[in-house]
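Please look over the sequence and the model shown below before reading on. The report that follows takes up selected places in the chain and the surroundings of the ligand.

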Amino acid sequence: MRIPLSNVTLTDDAKRYATDAIQSSWISGTGPKIAEFEQALAEKHFRRHAIAVANGTVALEIALRALDIRPGDEVIVPALTFVAPAAAVRSVGAKPVFVDVTSGNWTIDPNLTERHINRHTMAIIAVDLLGHPCDYADLQAVRGDADLIEDAAEAHGARYKYLPVGNFGFASTFSFHANKTISTGEGGAILTDSKNLHHLTRLMVNHGMETSRPYWHEIIGTNARMTNVTAALGLGQVEHWDELVAARNLVAAKYDERLRHLFDNTQLYRRPVAEWATEACWLYTVAHPHRDQIIVKLRDKDIDARAIWPALSRLPLYHDSVRGQYPVAEKISGEAFWLPTWAGMPDALIDEVCDRLRDSVHSMETITCVPTT
Ligand SMILES: *Cc1c(COP(=O)(O)O)cnc(C)c1O
């Protein structure tokens, strides 16, 4: 593909810190950069604690384990998301229960969430989908005794009202996978203000072992540590957090400007944004009823546009998690697609994607083209 879906941006500081870490021989899950990265991440999000882990999926699994979620429990998960939150719930033996998203902003619907809460519901995983926060005031109002876990993997830098995502879960998780806005290759983190949750999480990430009491294991843990080299990359990325977020938002603004005419005059539409939200573009997302044909045409021109995930309610593996219908999630999953997006994507490439998209959409629709002056 000549225009890839995404590209990684590593800051010069990230490369320098990682090189230093390698030269220092601190390459395992022990070393000075881990605590520095964790502190920078916690401070950036006004949280008391951040625990660095190997990836964003394991961050969710450990958060669920630390909250003592187990077989027999139910955890509410949006029907439209990358699969990791649902898989994490299954990995601790609990049952994900799918709730539809809102057409207004594509995140989990708080009213429907309330209707699916019962005495087995131990937690809600709120996914800040595609750079957009969930409606946290309404989720807090309906959650009852269920703990809120925030999966902010796709929304680094997005804000709900004035606060950045990463603030809204009893545990909030991030992924720093190479395709995420702030990336370390593979990586993740759990953020919390709870001393108890922090303590448990630390133990679980490192074999259930107190650092002050080597080889004495109070609980079942695992090895989910982030390496010092990865944390060094992470520190160099977090120090440039706002620039990395702004760079993608600039690309989104350029797409918005170039595609406005199509949004106004064709069936192409943009991912909607709630008035209380500040979006932080991860992958620029648009939708069209003839999405699949449009993607074929873009791919013919070597543009790596991609359809978003199927609604989880459509996966046979999760038929047990289905409760009724998911009209919004299924409509979006049939129409939405990603356009190539990365920090510093050149204008010429954005123009090329938009030109091809315009041709494809026009060929799908018989519309009167009003020439722009
Ligand atoms: C990417 C992603 C994850 C998983 O992160 P990894 O670091 O790839 O394990 C979890 N949740 C969501 C919503 C994601 O998009």
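## The loop with Tyr215

Tyr215 has its place in the loop between helix H7 (195-205) and helix H8 (228-238), where helices (DSSP runs of H or I with at least four residues) and strands (runs of E with at least two) are numbered from the N terminus. Although Tyr215 is not a glycine, its phi is positive, at about 65°. The relative accessible area of Tyr215 is 68%, so this residue is exposed, on a scale in which buried means under 20%, exposed over 50% and partly exposed in between, with a 1.4 Å probe and protein chains only.

This is a predicted model, in which local features need pLDDT of at least 70 and side-chain atom pairs count only at pLDDT 80 or more, while totals for chains, interfaces and linings use all residues. Residues are numbered from 1 along each chain as its sequence is written, and side-chain values use heavy atoms, with hydrogens and water left out.

## The loop with Asp68

Asp68 is found in the loop between helix H3 (56-66) and strand S2 (74-78). Its phi, near 65°, is a positive value in a residue other than glycine, and Asp68 counts as partly exposed because its relative accessibility is 44%.

## Around the ligand

The shell around the ligand holds 14 residues, of which Thr57, Asp151, Glu154, Ser175 and Lys180 come nearest; a residue is counted as near if one of its heavy atoms lies within 4 Å of the molecule. By class, this shell has four nonpolar, seven polar and three charged residues, where Ala, Val, Leu, Ile, Met, Phe, Trp, Tyr, Cys and Pro count as nonpolar, Asp, Glu, Lys and Arg as charged, and the others, Gly among them, as polar.

A polar backbone atom of Gly56 is 2.7 Å from an oxygen atom of the ligand, while a polar side-chain atom of Asn55 lies 3.5 Å from a ligand oxygen atom. Taken alone, the ligand exposes 380 Å², and the protein buries 91% of that area, as computed by the Shrake-Rupley method with a 1.4 Å probe.

## Ser175 in strand S8

Ser175, one of the residues that come nearest to the ligand, is found in strand S8 (residues 171-175). Ser175 is buried, because its relative accessible area is 6%.

A polar atom of the Ser175 side chain lies 2.7 Å from an oxygen atom of the ligand. The side chain of Ser175 also has a polar atom 3.1 Å from the backbone nitrogen of His177.

Definitions and conventions:
A polar contact is a pair of N or O atoms within 3.5 Å; within protein, one must be able to donate a hydrogen and the other to accept it, and residues adjacent in sequence count only if both atoms are side-chain atoms.
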